Amino acid sequence: MKYFTMNFPELGLSVKVDPLSVNKDLFDWFLENLPLKGVQSHAAVSGKLIYIMNLRMKKGRSFRYQDLAVEDLSEAKEGRIFIFITAGKVGSISVKYAEVSENMSYPVIGQVRGEDLKDLKKIGEAVWRSFYHTKEIITVEFLKGEGN
């Protein structure tokens, strides 16, 4: 089974992300662009959402953005991964780790495994602390996985 790992080296934590039954072409395209690395940020007022802006993709997409299945951030399950694709080969990833009040819809790319949700909450809380208090840089590495 295909999946990817989000590794947070500064925190010594990682989570595995599985594909959904929708947007399989999007998930496969994302895997083709791995590995990727970015600086982790946190939503300011809309709730428990971490995001990574402006990831430069290696490959262009063959699907139309407007044809992708979307979900509302406020109604989505915890651990849901979203992508916003801008012009060219740039994408931004958002990860819901608890309640979010913003009712915007974005294409969904995957779901953090149930056994990793506890670590995802730790990651989200650490990113919140760094973003608003300590100002330490936390990075995330997206790594391709296959198997279990």
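Is K121 buried, exposed or partly exposed? K121 is partly exposed, with a relative accessible area of 31%. The model behind this value is predicted. This briefing looks at charged side chains first, then at aromatic rings. A search of the whole structure finds six salt bridges. The structure also holds nine aromatic pairs.

**Salt bridges**

- Side chains of opposite charge can pair when their charged atoms come close.
- K121 forms a salt bridge with E78, and their closest N and O atoms are 2.9 Å apart.
- E78 counts as partly exposed, at 33% relative accessibility.
- R80 and E71 meet through their side chains in another salt bridge, at 3.0 Å from N to O.
- R80 is buried because its relative accessible area is 9%, and buried means under 20%.
- E71 counts as partly exposed, at 22% relative accessibility.
- D67 and R64 form a salt bridge too, with their closest N and O atoms 2.8 Å apart.
- D67 counts as exposed because its relative accessibility is 52%, and the cut-off for exposed is over 50%.
- R64 is partly exposed, with a relative accessible area of 49%.

**Aromatic pairs**

- Among the nine aromatic pairs is that of F84 and Y106, whose ring centres lie 6.1 Å apart.
- The planes of F84 and Y106 stand at 90 degrees, so the pair is edge-to-face. The cut-off for that label is over 60 degrees.
- The F84 and Y106 pair links distant parts of the chain. F84 lies in strand β7 and Y106 in strand β9 (residues 105-112), and the two are 22 residues apart.
- F84 is partly exposed, with a relative accessible area of 38%.
- F131 and Y132 form an edge-to-face pair as well, at 4.9 Å centre to centre and with 80 degrees between the planes.
- F131 counts as partly exposed, at 31% relative accessibility.
- Y132 is also partly exposed, with a relative accessible area of 29%.

**Other ring contacts**

- Which residues form one aromatic cluster? F4, F27, F30 and F142 do.
- A charged residue meets a ring at Y3: R113 lies over the face of Y3, at 4.7 Å from the ring centre.

Key:
Residues numbered from 1 in each chain as written. Predicted model: local features only at pLDDT ≥ 70, side-chain atom pairs only at ≥ 80, totals over all residues. Heavy atoms only, no water. Salt bridge = Lys/Arg side-chain N within 4 Å of Asp/Glu carboxyl O. Buried < 20%, exposed > 50% of the residue type's maximum accessible area, 1.4 Å probe, protein only. Phe/Tyr/Trp six-rings, centres within 6.5 Å; stacked < 30°, edge-to-face > 60°. Helix = DSSP H or I, 4+ residues; strand = E, 2+ residues; numbered from the N terminus. Lys NZ or Arg CZ within 6 Å of the ring centre and 35° of its normal.
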